[in-house]
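This report sets out the computed features of one protein model, from the overall fold to individual residues.

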Amino acid sequence: MKFGQVEDPSQIDFTLPKDHPRTAEILRATKAKDMEIAVGCAKWNKTDLKGFYPKGTKDELTYYATQFNSIELNATFYGMPSPEQVLTWKEKTPADFKFFPKITNTVSHYRRLLNITDAVTQFATAVMNFDEKLGMVFLQLHDNFKPKDYDRLEKFVKEWPREIPLAIELRNNEWFSDEDVFEKTMQLFEENRITNIIVDTAGRRDMLHMRLTTPVAFIRYVGANAESDYARLEDWMRRLSDWKKQGLEKLYFFVHQNIEKASPLLSAHLIEMMNKDWKTNIHVPEMAEVKTKY
């Protein structure tokens with residue numbers, strides 16, 4: 001994941017910003033007793049996750065699902081999934097595994113939310129075959145998709161099938177820099193139960209807005225392949241603990257790296273903290289080849 005990559009991560013202030021005031025209000029309105037937690041990587045292929053798979057692993061997804069409880073499914077961004085493919089993925093994973101498929105780029109990047117009824121219907125029909133293993137679908141807009149096209153986004157949100165939970169990632173700076181635009185968009189998300197994705201990456205600190213629109217935190221964490229990645233996760237753990245106390249219902253945390261082989265190590269570090277601080281019992285993913293952090 002090259003998005004937000006910088007040449008020298010040591011020059012970046014990785015301090016998490018304060019929560020948006022509305023975040024506390026969103027969380028106070030919930031009555032969650034047990035928080036649902038999904039932690040995973042963005043891909044399962046052996047080439048990227050080098051050193052993660054034991055020698056002789058024949059099916060990467062089947063093994064991946066023994067180590068993680070979820071996957072941010074980026075494969076569906078590059079090609080429209082078929083119902084048959086979805087069922088194949090589903091059948092390779094245990095009962096408690098969750099998929100978080102990204103909406104196909106036909107919708108977001110090529111048609112740019114115009115004339116997409118057929119594509120959205122085809123995508124939604126396919127991913128519904130995940131059944132109870134469907135965590136949340138997410139839409140990632142192009143970084144040149146700007147607020148001038150707000151009407152397209154509004155139409156998409158209002159027509160999205162309500163039975164499928166949805167999160168949206170906005171990438172252009174204009175969504176965040178104009179306070180009126182940002183608040184109008186967040187209100188749209190709130191009213192339609194759309195989860196606002198938070199992205200933590202070195203080169204785009206503007207996307208780290210700490211503004212929840214539902215009692216769900218969907219976080220895409222991009223490490224910089226630097227020692228600071230671990231301290232950043234520790235800061236996140238403190239913030240997530242605060243949100244948990246305030247009433248967070250669901251936490252979806254996906255770890256990315258520019259060099260992806262470090263993603264399982266970072267994920268393991270986060271899960272170990274959760275198990276220690278929250279008394280959870282989430283499986284800690286193991287590397288087939290024992291490695292140091294960096």
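## Basis of the description

Helices (H or I, at least four residues) and strands (E, at least two) are DSSP runs, numbered from the N terminus. The model is predicted, and local features therefore need pLDDT of at least 70, side-chain atom pairs count only at pLDDT 80 or more, and totals for chains, interfaces and linings use all residues. Residues are numbered from 1 along each chain as its sequence is written, and side-chain values use heavy atoms, with hydrogens and water left out.

## Overall form

The protein chain contains eleven helices and nine strands. Its radius of gyration, taken over C-alpha atoms, is 18 Å; this agrees with the value near 19 Å that a compact globule of 294 residues would have, the globule rule being 2.2 Å times the number of residues to the power 0.38. Along the principal axes, the C-alpha atoms fill a box of roughly 50 × 45 × 40 Å.

Of the 294 residues, 56% count as buried, where buried means under 20% relative accessible area, exposed over 50%, and partly exposed in between (1.4 Å probe, protein chains only). Among contacts (heavy atoms within 4.5 Å) with a separation of 6 or more, 77% join residues 24 or more positions apart.

## Charge

The chain carries 42 positive and 44 negative side chains, and the centres of the two sets lie 2 Å apart. Lys and Arg count as positive and Asp and Glu as negative, while His and the chain ends are not counted. Each charge is placed at NZ of Lys, CZ of Arg, CG of Asp or CD of Glu.

## The three-stranded sheet

Three strands form an open sheet in the order S4-S5-S6, with parallel pairing. Strands S4 (137-140) and S6 (195-196) are the edge strands, each pairing on one side only. Pairing requires that DSSP finds at least two bridges between two strands; S4 and S5 (residues 166-169) have four, in the parallel sense. In S5, Ala-167 is the bridge partner of Phe-138.

## Two buried residues

Ser-267 belongs to helix H11 (residues 263-278) and counts as buried, at 0% relative accessibility. Beyond its neighbours within four places in sequence, Ser-267 contacts Val-39, Gly-40, Cys-41, Phe-68, Val-255 and Pro-285.

Thr-213 lies in the loop between strand S7 (198-200) and strand S8 (216-223), and counts as buried at 3% relative accessibility. Not counting residues up to four places away in sequence, Thr-213 touches several residues, including Ile-26, Met-186, Phe-189 and Asn-196. Thr-213 and Val-127 are 86 residues apart in sequence, and their C-alpha atoms are 24 Å apart in space.
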